[in-house]
Amino acid sequence: MKFISKRVGATALAATLVATFFGAAGSDAVAQDQAEQDSLEVARTQSAPAFVASAAEPEVRFVMNEVVQELPEKAEVPEISLPTPGAAASLRELVGDIDTSGEMSREMMCLAQAVYFESRGEPLDGQLAVARVVINRAESSRFPDDYCSVVTQRAQFSFVRGGRIPAPNHSSRAWTKAKAIARIAHRDLWESPAHDALYFHATYVRPSWAGRMTTRATIDNHIFYR
């Protein structure tokens, strides 16, 4: 029993010595491998060049200020220079500020003619309301899409004969005002009491359709409806 114990003890002692020897050697090997890897990493880092954009790649630069590319100028000539909305103290003042000397397009001419023939004897508010009716009709799906077609629509404006609009007196003050009112209404430079009206008639008549409409304004000799 004592011999067996000694053998077991000697064997255990030898196993312990072997484990200790190889464990130390293994530890040294692991430490050596780690050291070698660290040395290679440091060497690779020190020897590796900094990233430089290749000649085939464009250089990228960042700037602090916005870069605006100049565009070629495009010549745009407005039909006419008009006052800023709200700048005039009254509609009369605004009419006086409008330049009526320039040429008018066909559509604007039709609008001015409607104002002239339907309301040249009315106050400026009444003339503006007539212009608004023509414009509102052109914008409504229930009527033609442009001023001339609205004005020449059959059985709508009594001054139209056979689909033709007569020529106004171009030298009269009434025509000058009508042109100014047409431009004011077209650019919506002044608010009208009949801003959304689609119909109007003289106060001395009472058409049957008027009872089905909503009154928007009564201005001098005209009543305006929606």
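User: Which cysteine does a disulfide join to Cys110?

Analyst: A disulfide is a covalent bond between the sulfur atoms of two cysteines. The criterion here is a pair of cysteine sulfur atoms within 2.5 Å. In this structure Cys110 is joined to Cys148, with S to S at 2.0 Å, and the count comes to 1 disulfide. This is a predicted model, in which local features need pLDDT of at least 70 and side-chain atom pairs count only at pLDDT 80 or more, while totals for chains, interfaces and linings use all residues. Residues are numbered from 1 along each chain as its sequence is written, and side-chain values use heavy atoms, leaving out hydrogens and water.

User: Why is the disulfide right-handed?

Analyst: The torsion about the S-S bond of Cys110 and Cys148 is about 95 degrees, so the disulfide is right-handed.

User: Which helices hold Cys110 and Cys148?

Analyst: Helices are DSSP runs of H or I, at least four residues, and strands are runs of E, at least two, numbered from the N terminus. Cys110 lies in α3 (residues 106-119) and Cys148 in α5 (residues 147-151), so the bond ties together parts 38 residues apart in sequence.

User: Is Cys110 buried or exposed?

Analyst: Buried means under 20% relative accessible area, exposed over 50%, and partly exposed in between, with a 1.4 Å probe and protein chains only. Cys110 is buried at 7%, and Cys148 is buried at 2%.

User: What is Ile184 in contact with?

Analyst: Contact means heavy atoms within 4.5 Å. Leaving aside neighbours within four places in sequence, Ile184 is in contact with residues including Leu91, Leu128 and Trp190.
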